[in-house]
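Subject: Structure handover

Hello,

Please find the structure below, followed by notes on what was found in it.

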Amino acid sequence: MKTVYLGMTGDIIHPGIINILNEAEKLGEVIIGLLTDSAIAMHKRLPFLSYEQRRQVVENMKGVSRVVPQEDWSYVPNLKKYKPDYIIHGDDWKTGPLSRIREDVYAVMKELGGEVVEVPYTKGINSTALNEAQKSLGTTPEIRMKTLRRLIQAKPVVRIMEAHSGLSGLIIENLEVKKDDGVHSYDGMWSSSLTDSTCKGKPDIEAVDLTTRLQDLTNILECTTKPIIFDGDTGGKTEHFVFTVRTLERNGVSAVIIEDKVGLKKNSLFGTDVRQELATIEEFSEKISAGKKAQVTKDFMIIARLESLIAGYPVSDALERAFAYVKAGADGVMIHSKEKTGEDIREFCEGFRKEYSNVPIVLVPTTYNRFTEAELHAWGANIIIYANHMLRASYPAMVTVAKTILEHERSLEADPLCMPIKQILELIPGTK
Ligand code: SPV
Ligand code: MG
């Protein structure tokens, strides 16, 4: 019996896929190459269902003989491995980003003596459009929360951008840049204490209470689906932190990051000669343990943020604390620094990775910003947070427009600096 290879995501099963499967069945035994989360994550958003769930669905589809994982976006490694007589695909890959994949498939099938079969694309239906429609329905707190752990598993680096409003959240949700290696987008959002308090005209000293922070977060939750990492400042008193954990978890936040400072918290990037006081290792470890005990699901993450370098202590102090916090239950560590060189961060990552090869490291490269994501990943980073850029970008833009109007005593000259009214009306989904 001949074999036919059919690659798929298997997340949303629609008549177009059934049509290709029916055609495949006519040619021989159908092997489904089911794309793994990591094969998909570099190019598209993660599927709604996990690999295991998708495998169960696809395995039970009529006409499928077996399901094998396709670990790569390219078909080539699996075609070489399984040497099918045919590979079948919808003919919609002749143009657009998949055309390169198609060329590679033709080349390898020629080498293997197999054949490429293209099935006319079913009009009016495709996974991308269905995905968009599904996205507009929103998500559930549970799905959103779990996504961060899945992304850490699936991607070399999880890319997080600060959001301080529904509007900034929408930009992060939808923005895409097409590059040679695929479509780049943000994986999730950072709910920053700095940008949230700055929006309210307040200092970043834990002056905005949790209830108010959550009200703003709700605006972001309502119009986005991507995971959220919450800046929990010091976490407050342990007795309070356990409630914060439950509240965030219930709302579908994926992770909270708390920092090991005590006393009046100041923003870490604030230039001051006064040394910020740090919690004792015991005290902070206890807070982490209490938080871990309080969470209801296994998916929520508590990440320990090390302020040693900010407070003027050496990398060895940060490492000693990091090891203790992980032992206390922290699901990851964030190391912070104001150094532009990045040397201290690199040294920390190296030391930490010697002890823990898999515990996620979070970096916030605000000052050491010349390093690319790939370089930071090579140091050992799993999550990169751009912690304040959306707000820092919007403020000078507003000041420039306000100044221009003041100078000209009318708004004509400011118009080119503003978004057209038509565009702003179209910006929000659901605007009629
Ligand atoms: C924040 O964004 O509020 C942070 C990161 O805590 S930093 O401002 O760099 O301290
Ligand atoms: Mg903060």
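The structure holds 28 salt bridges, a salt bridge being a side-chain nitrogen of Lys or Arg within 4 Å of a carboxyl oxygen of Asp or Glu. This is a predicted model, in which local features need pLDDT of at least 70 and side-chain atom pairs count only at pLDDT 80 or more, while totals for chains, interfaces and linings use all residues. Residues are numbered from 1 along each chain as its sequence is written, chains are lettered from A and ligands numbered from 1 in the order in which they are written, and side-chain values use heavy atoms, with hydrogens and water left out.

Side chains of opposite charge can pair when their charged atoms come close. One of the pairs here is Asp 37 with Arg 54, whose closest N and O atoms are 3.0 Å apart. Asp 37 sits in helix α2 (residues 37-41) and Arg 54 in helix α3 (residues 51-59), so this pair ties together parts that are 17 residues apart in sequence. Helices (H or I, at least four residues) and strands (E, at least two) are DSSP runs, numbered from the N terminus. Both Asp 37 and Arg 54 are buried. Buried means under 20% relative accessible area, exposed over 50%, and partly exposed in between (1.4 Å probe, protein chains only).

Arg 305 and Glu 307 also form a salt bridge, with 2.7 Å between the closest N and O atoms, and both residues are buried. Asp 299 and Lys 298 meet in another, at 3.8 Å from N to O. Here Asp 299 is buried, with a relative accessible area of 11%, whereas Lys 298 is exposed at 69%. A network of salt bridges links Asp 196, Lys 200, Arg 213 and Asp 216.

Overall form

The chain has 17 helices and 15 strands. Its radius of gyration is 25 Å, close to the 22 Å that the globule rule gives for 432 residues, so the chain is as compact as a globular protein of that length. That radius is taken over C-alpha atoms, and the globule rule is 2.2 Å times the number of residues to the power 0.38. Along the principal axes, the C-alpha atoms fill a box of roughly 75 × 60 × 40 Å. Of the 432 residues, 49% count as buried.

Surface patches

Patches are made of residues with over 30% relative accessible area and no salt bridge; like charges are joined within 9 Å, and nonpolar side chains (Val, Leu, Ile, Met, Phe, Trp, Tyr) within 5 Å. Accessible areas come from the Shrake-Rupley method with a 1.4 Å probe.

Leu 167, Met 419, Ile 421, Ile 424, Leu 425, Leu 427 and Ile 428 make a nonpolar patch of about 610 Å². Helix α17 (residues 421-427) gives the most to this patch, with four residues. Met 419 lies in the loop between α16 (389-408) and α17, and is partly exposed at 35% relative accessibility.

A negative patch is formed by Glu 239, Glu 277, Glu 282, Glu 283 and Glu 286. Asp and Glu count as negative, Lys and Arg as positive, and His and the chain ends are not counted; the place of a charge is NZ of Lys, CZ of Arg, CG of Asp or CD of Glu. Helix α12 (residues 281-294) gives the most to the negative patch, with three residues. Glu 277 is in the loop between β11 (255-259) and α12, and is exposed at 53% relative accessible area.

Regards
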